[in-house]
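Here's a short tour of a protein model, written for someone just starting out. Have a look at the picture first, then read on.

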Amino acid sequence: MEVLTYKLEMFEGPLDLLLSLIDKNKVSISDIPIALICDQYMEYITEAKNLDMEIAAEFIVMASELMLIKSRMLLPKITEDEEDPRAALADALLRYKQAKEAALKMAP
């Protein structure tokens with residue numbers, strides 16, 4: 001079975017694009033301004049479609065995740081101990097960033 005890897009310009013996956021946007025905006029992974037990052041992510045995906053690039057499903061799935069988080073951020077909290085909707089994404093981004101940095105250190 002052949003595994004396909006999709007790349008958009010210089011991004012190897014949706015987490016790579018998100019990490020780039022977070023770095024570009026100089027914001028903390030643990031406190032992502034989801035509205036700003038979601039809008040920029042959608043602009044990038046829209047631009048990629050306009051250039052007739054093949055868009056991988058995982059980039060579209062991440063876009064829908066961002067929109068879900070953005071909508072949850074707009075709703076009032078039901079309880080004080082309710083988890084931040086960005087927490088799972090922040091955790092995934094931190095793990096991805098650590099793996100990327102470790103890969104660079106191990107590269108010849």
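## A lysine to start with

Is lysine 26 buried or exposed? Lysine 26 counts as exposed, at 74% relative accessibility. Here, buried means under 20% relative accessible area, exposed means over 50%, and partly exposed is in between, all with a 1.4 Å probe and protein chains only. Lysine 26 sits in the loop between α1 and α2. Its phi is near 55°, a positive value in a residue other than glycine. For background, most residues other than glycine have a negative phi.

## What you're looking at

This is a predicted model, where local features need pLDDT of at least 70, side-chain atom pairs count only at pLDDT 80 or more, and totals for chains, interfaces and linings use all residues. Residues are numbered from 1 along each chain as its sequence is written, and side-chain values use heavy atoms, with hydrogens and water left out.

The chain has four helices and zero strands, so to speak of its pattern along the sequence is to write α-α-α-α. Helices (H or I, at least four residues) and strands (E, at least two) are DSSP runs, numbered from the N terminus. Of the 108 residues in the chain, 30% are buried.

## Helices with a buried face

Let's take α3 (57–74). This helix has 18 residues and reaches 26 Å from its first C-alpha to its last, close to the 26 Å expected at 1.5 Å a residue. The expected span of a helix is 1.5 Å times one less than its number of residues. Buried in α3 are Phe59, Met62, Ala63, Leu66 and Ile69. Seen down the axis of α3, these buried residues fall within an arc of 125°, so they line one face of the helix. The arc is that of the directions from the helix axis to the C-beta atoms. An α-helix has 3.6 residues a turn, so residues three or four places apart point the same way.

Now for α4. Its 20 residues (87–106) should span 28 Å at 1.5 Å a residue, and the end C-alpha atoms are 29 Å apart, which agrees. Leu89, Ala90 and Leu93 are the buried residues of α4. They fall within an arc of 95° when you look down the axis of α4, so they line one face of the helix. On the other side of α4, Ala88, Arg95, Gln98, Lys105 and Met106 are exposed.

Alanine 88 has a relative accessible area of 53%. As for α1, its buried residues are Pro14, Asp16, Leu17, Leu18, Leu19, Leu21 and Ile22.

## Charged pairs

Side chains of opposite charge can pair when their charged atoms come close. A salt bridge here is a side-chain nitrogen of Lys or Arg within 4 Å of a carboxyl oxygen of Asp or Glu. How many salt bridges does a search of the whole structure find? The search finds five.

One of them joins aspartate 31 and arginine 86, with the closest N and O atoms 3.1 Å apart. Aspartate 31 lies in the loop between α1 (14–24) and α2 (34–50), and arginine 86 in the loop between α3 and α4, so the pair ties together parts that are 55 residues apart in sequence. Aspartate 31 is partly exposed at 47%, whereas arginine 86 is buried at 13%. Arginine 86 also meets aspartate 84 in a salt bridge (2.7 Å, N to O). Together, Asp31, Asp84 and Arg86 are linked in a network of salt bridges.

Another salt bridge pairs lysine 70 with aspartate 39, the closest N and O atoms being 2.8 Å apart. This pair links distant parts of the chain, with lysine 70 in helix α3 and aspartate 39 in helix α2, 31 residues apart.

## The largest pocket

The largest pocket has a volume of about 190 Å³. Its lining includes Arg72, Met73, Asp84 and Arg86. By class, the lining has five nonpolar, no polar and six charged residues. Ala, Val, Leu, Ile, Met, Phe, Trp, Tyr, Cys and Pro count as nonpolar, Asp, Glu, Lys and Arg as charged, and the others, Gly among them, as polar.

How is a pocket found? On a 1 Å grid over the protein atoms alone, a pocket is an open set of points where a 1.4 Å probe fits, with protein on both sides within 12 Å along at least five of seven lines, and lining residues have an atom within 4 Å of a point. Grid points are joined across faces, edges and corners, and a volume is the space filled by probe spheres set on the points.
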